[in-house]
Amino acid sequence: MWQAGRTMATRGPGSDDVLGHVTLVTGPEELLNERTVAQALAAVRAADPESEVSETTGDQVTSGVLGDLAAPSLFSSIRCVVIRALEDLSDDVHASVLDYAAEPSPDIGLVLVHSGGQKGSGLLTRLRKLTSVTEVKSAPLRPSEFARFVGSEVRSHGGRIAEDAADFLVQAVGQDLRALAAAAHQLTSDFPGEPLTEAIVRKYFGGRAEVKSFAIADAALAGRTATALEELRWALDNGTATVLVTSAFATGLRGLARFSSAPRGLREADLAREAGVPPWKLRVLREQARGWDDRGLATAIVAVAQADADVKGAAGDASYALERMVLRVSEARGRS
């Protein structure tokens, strides 16, 4: 699984990590949570292929049900019990769960899944204090981590992907981990043993609306006005949502402003972190930054804010509002 700090282990847990223990899975990233559960189940089945698996949700668990789930089976002494949506567990069952978690059965692996949020946080606090409980967190990914997630997914399928290609895939598909995992699997299946370049990813995913929006913004910020207008008209003719375009411009200007105001002399990795972009994007920002100053950036930011309001209902013609935004942003570049 991706990133050992967020999951049980890179190679996955063994049966000794699951049986006789409580695995507490917390956090909002459903895909990572499900993978942790799957690893726990696989570890138990590795210990006993005939082991039983019982799954339920917190709102269905009573003290009696918990006792039945944790009791040895007639058919196998080894069992894995998964309780999802722990946050929905009734308060009067908390004591029973804590009592069991304090002294879990050596032949049973109990997996508790909490999807994040404050509901049920009191139970989580008490579970975390028990030495028999191992917590596996799936914290939300930071923007810079999605490309690394893609790289890890590709490697898990035996492939390789360039950094700029991974970042382009995130722009194309978005920040949904399931969609990114599926895209990574598709690409490695279609190009077995072949390094995945940006050209390959662009061929398959370059028509996505989000990617076109960033292409428009990149062209305008680099002063390529004609290209930006051409890309804009193509995107609008093919149904790209207008708010995606203003959002891409806002993101681009934010990165450019942070890059321009970063302290001089920073190392590449530190500069990328300061600008909030992946390291390969620095080359693009350096090209765009030529001709921009603080006044120009401020003017462009105002133009984008106005266009965003226009496409959300403040003006009657969203297409005209976006064309005007492109022209104003391009004019702001190089203005002294």
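User: Glutamate 145: buried or exposed?

Analyst: Buried. Glutamate 145 has 0% relative accessibility. Keep in mind that this is a predicted model.

User: Which side chain does glutamate 145 meet in a salt bridge?

Analyst: That of arginine 142. The N to O distance is 2.9 Å.

User: How many salt bridges are there by this rule?

Analyst: The count is 16. One of them pairs arginine 178 with glutamate 30, at 3.3 Å from N to O.

User: Where do arginine 178 and glutamate 30 lie?

Analyst: Arginine 178 is in helix α8, residues 177–190. Glutamate 30 is in helix α2, residues 30–47.

User: What about aspartate 310, which residue does it bridge to?

Analyst: Arginine 324. Their closest N and O atoms are 2.8 Å apart. Aspartate 310 sits in helix α15 (residues 294–314) and arginine 324 in helix α16 (residues 318–332), so this bridge ties together parts 14 residues apart in sequence.

User: Is aspartate 310 buried or exposed?

Analyst: Aspartate 310 is buried, at 5% relative accessible area. Arginine 324 is partly exposed, at 25%.

User: Which residues do salt bridges with shared partners join into one network?

Analyst: Glu30, Glu34 and Arg178.

User: OK, zooming out. How many helices and strands in the protein chain?

Analyst: The protein chain has 16 helices and five strands.

User: What's the radius of gyration against a compact globule?

Analyst: The protein chain has 25 Å. A compact globule of 336 residues would be near 20 Å. The C-alpha trace spans about 80 × 45 × 45 Å along its principal axes.

User: What share of the residues is buried?

Analyst: Buried residues are 47% of the 336.

User: And what share of the contacts is between residues 24 or more positions apart?

Analyst: Among contacts with a separation of 6 or more, 76%.

User: Last one, charges. How many positive and negative side chains?

Analyst: There are 37 positive and 44 negative side chains in the protein chain. The centres of the two sets are 9 Å apart.

Definitions and conventions
Residues numbered from 1 in each chain as written. Predicted model: local features only at pLDDT ≥ 70, side-chain atom pairs only at ≥ 80, totals over all residues. Heavy atoms only, no water. Helix = DSSP H or I, 4+ residues; strand = E, 2+ residues; numbered from the N terminus. Rg over C-alpha atoms; globule rule 2.2 N^0.38 Å. Buried < 20%, exposed > 50% of the residue type's maximum accessible area, 1.4 Å probe, protein only. Contact = heavy atoms within 4.5 Å. Lys, Arg positive; Asp, Glu negative; His and termini not counted. Charge placed at Lys NZ, Arg CZ, Asp CG, Glu CD. Salt bridge = Lys/Arg side-chain N within 4 Å of Asp/Glu carboxyl O.
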